[in-house]
Amino acid sequence: MAAPVRARTWRETLHLLFGAPLSAVGLLFVGLAAYAVLASVTVVGLVLLAGVVTASRGMGVLERVRARRLLALDLPPAAPRARRHSGAVGRVRNALADPTGWRCLLHALVAVPVGVVQAYLVGLWWLLSLGTLSYPLWSWLMPLRDGHRADEIRIGGWHWYPDAWPYPLVVCAVGLVGVLLAPWLVAGLANLDRVRLQALLAGSTARQRAQLSERRRTRAVEQSGTHLRRIERDLHDGVQARMVALAIELGRARDDIAHGLGSQEVAERVTAAHEQAKQALVELRELARGIYPAVLNDLGLDGAVPLLTARCPVRVSTDIDVPQRPVGAVEATAYFCVAELLTNIAKHSGATTASVRVRRRADRLLIEVADDGQDGATVVTGGGLDGVISRVDSVDGTVSVSSPPGGPTAIRMELPCEL
């Protein structure tokens, strides 16, 4: 009995009524798409079709918001469009090869008749039911015609005037039945709409997971390539140069001995070579630490993170509670992300103090790096924070950045302890 006044019933009613104006938007998309298909033999037609497919994603976003707010249906967000090609022509090809955009356009096509029919049925049912239910309240406002305020109704051999007593109560009873049945009609149409929305907008979960894995794999390969190029550059510019200088100094010492020069000159040459060898060892150790630090392998995050903070020129407090070590890939990701964030704090934040908190909670590793700097943290393509996000994303983790103007900045990462 309480169904007609429940909030869910009226939310679903609003959802179905909103289908009519959205159908007009869908009709616009369908019309433009049809025109673009007919004109697709030209470049302009292909560009227009690509634009319509891309814009259809916007209708998908609007429908997801409507479903979440009014139907309590949480549809997964649309997968980002793959960018396999670059340039103006590449953007058109990417749009035309976007399955999510085409699925949203198909949704717009289906929404045109479905939305209009649903809105018409629900609106008319509620209007007639509430109108007949309240008939005794407003029937007296109608003008008199031949002594009656309503036309005569004939059903077979039975004829009667709705305003003649007790027929107003009969009309009211019919309206009450309509009001009580309306929630069933609304719920049925809303459930059909849920099925339609899930089929057209949710897409294939397996396909979305495959696309997500492909993007992560691509970013991981790109990141590995960048890392290898950095190692090669460091070897070429650093250690190799030291080894060349070492070879030169030892060659000069050998020549001095062969020419019978004094021990003082030879000792100077050997001393210089010794210094070059020590510098080469230092640079090799730094390079090895960048590949995979030995302290992380030996002591885990409990021992490796304090060493990172000790090398940071900013005063950093640590709070680490990792009773059980995560898998190696996650541990290395956490270490290098903390190292990159501390480097960013030292270079760009202008902070005087910072903190690093690492916690393991069940199957998640929680990391927070914060500072009191006033320069906000922004994600720039190819920048340090973008690299952190790429690292975390490669192990199916999440990153949240809180950096209001004027500070402070807090970057929180959540990593799975098992891959």
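Let me begin with α12 and helix α13 (residues 384-394), which pack at an angle of about 170° with their axes 10 Å apart; axes here are lines fitted to C-alpha atoms, for helices over the stretch in contact, and angles run from 0 to 180 degrees between N-to-C directions. Helices are DSSP runs (H or I, at least four residues), numbered from the N terminus. This is a predicted model, in which local features need pLDDT of at least 70 and side-chain atom pairs count only at pLDDT 80 or more, while totals for chains, interfaces and linings use all residues. Residues are numbered from 1 along each chain as its sequence is written, and side-chain values use heavy atoms, with hydrogens and water left out.

α12 and α13 are therefore roughly antiparallel to each other, a term for angles over 145 degrees, just as angles under 35 degrees count as roughly parallel. Their contact (heavy atoms within 4.5 Å) is made by Thr 333, Phe 336, Cys 337, Glu 340, Leu 341 and Asn 344 of α12, and by Gly 384, Leu 385, Val 388, Arg 391 and Val 392 of α13. By class, that contact has six nonpolar, three polar and two charged residues, where Ala, Val, Leu, Ile, Met, Phe, Trp, Tyr, Cys and Pro count as nonpolar, Asp, Glu, Lys and Arg as charged, and the others, Gly among them, as polar.

α12 (residues 328-349) also meets helix α11 (residues 301-311), their axes coming within 10 Å and crossing at roughly 15°, so α11 and α12 are roughly parallel to each other. On the α12 side, this contact includes Tyr 335, Val 338 and Leu 342, and on the α11 side Leu 301, Val 305 and Leu 308 are among the residues involved. The contact of α11 with α12 has nine nonpolar, one polar and two charged residues.

Which helices each supply at least two residues of the lining of the largest cavity? They are α1, α2 (19-38), α3, α5 (99-133) and α7 (167-202); the lining includes His 15, Glu 63, Arg 66, Asp 193 and Arg 196, and by class divides into three nonpolar, five polar and four charged residues.

Definitions and conventions:
Parallel < 35°, antiparallel > 145°, perpendicular 65-115°, else oblique. 1 Å grid on protein atoms, 1.4 Å probe; cavity = no way out; pocket = protein on both sides within 12 Å on 5 of 7 lines; lining within 4 Å.
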